[in-house]
Amino acid sequence: MIELLKYLRGYLRIRVWGFSPERFMNLCSNKGILIWNIVREGDVYYMNINLRGFWALRPIVRKTGTRVAVLERYGLPFFLPRLLKRKVFVMGLLLAAAFWIWSSLYIWNIEISGNYQITDDVFQSFLKENQVTVGMQKRDLDIEELEKEIRRRFSQITWASARLSGTKLLIDIKENDAPIVSPEKKETTGTDLVAEYGGRVVSMIVRSGVPKVAIGDEVEAGCVLVEGKVPIYNEDATVREYYYVDADADIVIEHRMEFTDSLPFDYVRKEYTGREKTRYFFRFGGQEWKMPEESPFLVYDSLIRESRPLLFEKLSIPIYTGSYTYREYVNVEHRYTDEEAKVLLNEKLMTFLANLQEKGVQIIEKDVKIGVDGQSWILYGDFLVQEKAGKSADTEKVETGVDTPGESDTDE
Amino acid sequence: MKKNRDRNQRKEQFVETLKLPKDICMGAMKVTLTGNSEAWIENYRGILEYTENQILLQGKTCQACFEGTRLAIDYYTNEDMKISGCITCIRYL
């Protein structure tokens, strides 16, 4: 700190010689002139003295009969005038400072965090719609309004916070990860459970409604399994009224299921010729500059590589560099060999079985055949499966004397 | 001369009884040494002689002579000073 102060005020390295240099030093200290790094070499003394003290030396020098010579000058008072002579440098310095101040008025990076369901792309396009883009002026951004708009647009976002950190806009969101609970229906007009497919009922657990089939029964598609119409009887065993509920049950039906898939004998494969052309580009924000080039090949695909230099990433400057690599290819017709075809068809079958398993379908029997049909391979599978059944359908209404769904007196 | 010594003794006794700092009340030179390479001195009047091998200081009551090699003064103000170099001997005259 003291060194810095000395530098700011400026100091000199001087050489003192003559009649009484010791007295010179004593007088300096008496007058409050700071001297340091005093070294004697022969009859000559070398020391540092601050600039203000140097101007007050004349009477001391005269009194002590010494002579003083300046050897070197240090500090800002000597450096500044020299610096100011370099006009271009000073101008560059000022321009750099001005650019720095000017660029700090803009947003140069947008960072989104906390999004899992909403992808970055979706969020970026939302921001674009709301004119929140990289390169916009900070004063044009209404953070509170942006936060409100985020919550308005995405219902699954429960909390949103946007803040500016330097030239970076940080958006932090929190999505609702709890399952969305639909409001419970208070009054229902009643729904039945209907079989989607025909088969034999193997298991049945009814929670609400009246079961219309029993375990072991053969049912057809569209048949009512559980009725949402619960009858309330009079004392004489006649139906007084119906109480409508949403039928709810776990019913497993055993039925046959078929799976067919085909694979043509021939297919077209991309074969790269090995000829490639690379075209470099430079992107600043949304603006992109490419190396000019005509269409490179007749048939080609392109590979885009984009990177951002670490310096620009750290400084939040949206400068990207990268390249387009065009790779020429030709479409070549190929024919599957028997093994290839079997492997591919097996893969398809495995995917189908995995899908069934995901749905909770149990496979009891399976019979799979691979054959040839005209121009393609055919995979045919016949399965006996046990699958959960029952889709909701509105209950057929029956007019009775008292019709108050959901409300009924239960005296019998 | 004897009168002066008696006065000094009385003053010293007085300062010691009251536990006052001696360097201020008696005008004694205060020397702080760090090994044999640095000396920090307070309460002096001025430099009488300065060479590479010897620095003679005038105190309020006595003179102190620092002997050694490559002696240099790091800083010198009205209040304190710092001597650096290889100090071999300190003598009070």
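Biologist: What makes up chain B in helices and strands?

Modeller: Chain B has two helices and six strands, in the order α-α-β-β-β-β-β-β along the sequence. Helices (H or I, at least four residues) and strands (E, at least two) are DSSP runs, numbered from the N terminus. This is a predicted model, where local features need pLDDT of at least 70, side-chain atom pairs count only at pLDDT 80 or more, and totals for chains, interfaces and linings use all residues. Residues are numbered from 1 along each chain as its sequence is written, and chains are lettered from A and ligands numbered from 1 in the order in which they are written.

Biologist: Which residues form the contact between chain B and chain A?

Modeller: The contact takes 14 residues from chain B and 13 residues from chain A; two residues are in contact if their C-beta atoms, placed from the backbone, lie within 7 Å. On the side of chain B that touches chain A, strand 3 (44–50) and strand 5 (63–76) each supply at least two residues.

Biologist: Why are strand 2 of chain A and strand 5 of chain B called paired?

Modeller: Two strands pair if DSSP finds at least two bridges between them. Three bridges join strand 2 (residues 35–41) of chain A to strand 5 of chain B, so these antiparallel strands pair. Trp36(A) has Tyr75(B) as its bridge partner.

Biologist: What makes strand 10 and strand 22 of chain A edge strands?

Modeller: Their open sheet of four strands has the order 10-12-8-22, with antiparallel pairing. Strand 10 (210–211) and strand 22 (391–394) each have a single partner strand, so one side of each is left without a neighbour in the sheet.
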